[in-house]
Amino acid sequence: MRNETKFEKNYDVIHRKQLSNVSWAEIKEIADKGLAEKTFRVGDEKIIELTTGEQVTLVILGFNHDVKKNGNLAAITFGTKNMIDGRFEYASWNKKDNHNNWQDSKIRKFYLKRFENLLPNDLSVNIATINKVTIVSKNSTDIVKTTEKLFLPSLAEILSEQAIKESNIYYIKDSATTYLKEGKQYEYWKNKISKLVPNNYNKALVKYTNEGCASDWWLRSPCIDYSELSLYISTIGTIDAEYSRESYSVSFCFCI
């Protein structure tokens, strides 16, 4: 039988610390030791300051949920509680085909890279590279696997399997099997919205700007029925689809 290390014996001491008071280096060490779920809780928050001076609140979405590039589980998934300043188009205006293709989208290839560069260094050096799967685009049941540091959540990572299968939104219900390939609901959202049907209002899905205004925010998922549309969450907490060239807010995620 393996003897516990000194670090493991003392995890109760670490447990008494609030996430907000633990450094990113400590968080990484706790994650690597397999003690993240014992030390922190889903919904715990930590404020960071971007290099622009903007303050962003991060929240734990789940533990051992996402798969790293090396095949191991990432210990912790974080997401921004509300919005990053600004509004951003999912895809470029001049993109002629597959406007809502995540792999080649402007939001993935340009904006998320920009946000990564704005993170404090002590955080960015500890972010894991993970695998994500996303529907290819219109009228396709195929998925594409990408490697990400920052990413947007998919429909299936926000809503329950039941909510997607029973949705009154035809382009979600009719393609439920395909949308469910994009991941599983994070525990944070399971706790917040349970089995919410996606056409129903729920204030827990509403996110706000730093000025306190509710704002639409993009999901990673394309709208399968229309190549020009991608899914987003509205200012009243419903799922909808909009032209990918429109500018909406962003709430990104990452793993340690």
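Two strands are taken to pair if DSSP finds at least two bridges between them, and helices (H or I, at least four residues) and strands (E, at least two) are DSSP runs, numbered from the N terminus. The structure is a predicted model, in which local features need pLDDT of at least 70 and side-chain atom pairs count only at pLDDT 80 or more, whereas totals for chains, interfaces and linings use all residues. Residues are numbered from 1 along each chain as its sequence is written, and side-chain values use heavy atoms, with hydrogens and water left out.

The protein chain holds 11 helices and 13 strands, and 51% of its 256 residues count as buried (under 20% relative accessible area, 1.4 Å probe, protein chains only). Its accessible surface, by the Shrake-Rupley method with a 1.4 Å probe, comes to about 12,300 Å², and carbon and sulfur atoms account for 43% of that area.

Four strands form an open sheet in the order S1-S2-S3-S13, with antiparallel pairing. Strands S1 and S13 stand at the edges with a single partner strand each, so one side of each is left without a neighbour in the sheet. On average, neighbouring strands of this sheet are turned by 35 degrees against each other, direction ignored, with axes being lines fitted to C-alpha atoms.

| Strand | Residues |
|---|---|
| S1 | 45-49 |
| S2 | 55-63 |
| S3 | 76-80 |
| S13 | 253-255 |

Strands S3 and S13 pair in the antiparallel sense over three bridges, and Phe78 has Phe254 in S13 as its bridge partner. Helix H3 (residues 24-32) lies across S1, S2, S3 and S13, and runs at about 135 degrees to S1, on a scale from 0 to 180 degrees between N-to-C directions.

Conventions
Buried < 20%, exposed > 50% of the residue type's maximum accessible area, 1.4 Å probe, protein only. Contact = heavy atoms within 4.5 Å.
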